[in-house]
Amino acid sequence: MRFPATLAAPLNVIPVAAIERATSILFRRVMKEHPHLFVRLGEHVGKRFAFMPTDIPLVFVVSPAQPSICVARRTPAPPDADACVEGPIVMLLALLEGRCDADALFFSRDLTVSGDMEAMLAMRNALDDCDIDLPRDLSALAGPLAPIVSRVAESIRQRALTGEVGRWN
Amino acid sequence: MELICPAGTPAAFREAVDAGADAVYCGFRDETNARNFPGLNFTRDELREAIVYAGRNGTQTFVALNTFMRAGDEEIWYRAAADAVALGADALILADFGLMAHVAEHYPDQRLHVSVQASASNVDAINFLVDAFNAKRVVLPRTLTIADIARIAPKIRCEIEVFVFGGLCVMAEGRCSLSSYATGKSPNMNGVCSPASHVRYRKEADELVSELGAYTINRFAAGEAAGYPTLCKGRFDIADEPGYAFEDPVSLDVMGEIDALTAAGVSALKIEGRQRGKAYVAEVVSTLKKALSAKPDDRPALLAHLRGLSEGQKTTSGAYEKRWR
């Protein structure tokens with residue numbers, strides 16, 4: 001499933017600083033739930049990892065050593081990162097949760113990787129072992145509305161994955 | 001018939017157990033096993049927890065120590081064997097005769113399996129390992145036909161395990177030097193085939209170009225299914241025609257031959273893929289588990305969708321049927 005263009009379009013005008021602030025809150029929440037997320041990176045923990053959705057005009061660069069996440073508008077120039085992975089946002093999120101197999105997505109050409117392959121492989125394995133569940137992990141940010149937010153997020157994920165990742169898993 | 005399943009991380013291990021594996025095989029986070037990839041494998045503590053989890057579910061844990069000891073550094077492998085035994089591994093999967101001798105001498109009660117990396121492919125070789133090191137099971141190299149296996153089985157004094165699904169090596173297991181030739185590192189000595197540190201991908205017009213060290217391995221046209229960047233799966237110009245010199249980028253699938261393998265004397269079926277994600281492990285293990293109890297006519301439909309998970313999105317019966325060109 002590609003992210004609908006009509007929903008992606010506003011991301012061209014919303015200030016990047018605002019998007020980065022929101023993304024950082026979500027990132028910190030995931031790190032709080034999974035403090036050992038980057039242990040498997042070992043010697044690669046100091047590197048920078050770019051996640052480049054092909055269907056939204058943004059690039060997310062994760063620096064595990066801090067840990068922090070930066071957001072930038074997508075440009076033709078390669079991002080300032082040691083390793084990059086490109087693919088539809090749904091698949092990148094599914095990879096983050098270990099709900100699809102990165103090798104299978106590579107074989108099917110849905111995913112493109114470049115840069116430091118050793119570092120990217122370590123990141124793939126770190127994510128795969130971490131049992132991240134975004135609806136569960138992020139819903140706590142909604143306070144008393146957490147159960148509702150979690151259910152809605154799970155429903156969205158279910159629909160997105162049934163169309164795409166469901167082909168493999 | 002046992003189903004032996006791969007796990008590269010504790011999460012994948014739990015998925016394999018939950019999906020119904022009879023045994024899960026895994027390795028330590030070092031060069032003592034043939035899947036020594038960045039971020040993969042188990043610490044001692046992780047293996048301890050995994051063995052407990054498996055035990056609670058009636059699943060066995062096999063520990064792969066299936067690389068060849070480096071002269072002068074044998075202690076790394078001896079320590080790994082000692083730790084695996086102490087943690088309660090149900091079997092050690094070994095390739096190096098020296099390590100087999102060490103385990104047989106120091107841990108005579110420990111169950112020992114002969115790794116595919118040992119390339120034990122005939123009656124004399126297998127019975128030698130049984131007599132010398134009390135090997136209880138041999139994982140046969142993927143060089144034999146089902147008829148070959150049937151001829152070997154009644155003459156050997158141990159169980160037979162064969163690979164039925166997953167990545168397929170060029171047929172020189174334990175002896176392949178292609179990765180070493182291109183990168184200086186091999187699965188046999190370092191636990192890495194085509195180490196990621198030597199792999200590069202780049203786009204060239206519409207093509208995806210994969211490179212290993214100084215070698216271009218393949219150029220995939222837009223939309224063409226891709227494969228691993230290994231020399232054995234490389235597409236090279238041969239007499240001015242591009243083609244796969246060693247083997248095509250495909251995966252093994254002989255689950256359609258379960259009955260023939262059973263009749264041939266096989267007692268365990270192995271899935272390759274410790275380097276794969278937990279989603280792959282869960283899907284393949286649960287599907288193959290269903291296939292084992294399904295009627296033969298129902299198996300193709302069950303197994304068909306696994307092709308999409310495979311290298312090159314294609315599968316082959318490989319040497320089991322020897323139908324290649």
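What share of the 169 residues of chain A counts as buried? In this predicted model, the figure is 50%.

Chain A is built from seven helices and five strands. Followed along the sequence, these elements are arranged as α-α-β-β-β-β-α-α-β-α-α-α. The C-alpha trace of chain A extends about 40 × 35 × 35 Å along its principal axes. The radius of gyration of chain A is 15 Å, in agreement with the value near 15 Å for a compact globule of 169 residues. Contacts within chain A can also be sorted by their separation in sequence: among those between residues at least 6 apart, 66% link residues at least 24 apart.

The size of an interface is often expressed as the accessible area lost when the parts come together. Here, the two chains bury about 2700 Å² between them, with carbon and sulfur atoms accounting for 52% of it. On the chain B side, the greatest losses of area to chain A fall on Pro38(B), Tyr201(B) and Lys278(B), which together make up 22% of what that side buries. In terms of residues, 28 from chain A and 41 from chain B take part in the contact.

Note on methods. Residues are numbered from 1 along each chain as its sequence is written. Chains are lettered from A and ligands numbered from 1 in the order in which they are written. This is a predicted model: local features need pLDDT of at least 70, side-chain atom pairs count only at pLDDT 80 or more; totals for chains, interfaces and linings use all residues. Side-chain values use heavy atoms; hydrogens and water are left out. Helices (H or I, at least four residues) and strands (E, at least two) are DSSP runs, numbered from the N terminus. The radius of gyration is taken over C-alpha atoms; the globule rule is 2.2 Å times the number of residues to the power 0.38. Buried means under 20% relative accessible area, exposed over 50%, partly exposed in between (1.4 Å probe, protein chains only). Contact means heavy atoms within 4.5 Å. Buried area is the accessible area (1.4 Å probe) that two parts lose on being put together, summed over both.
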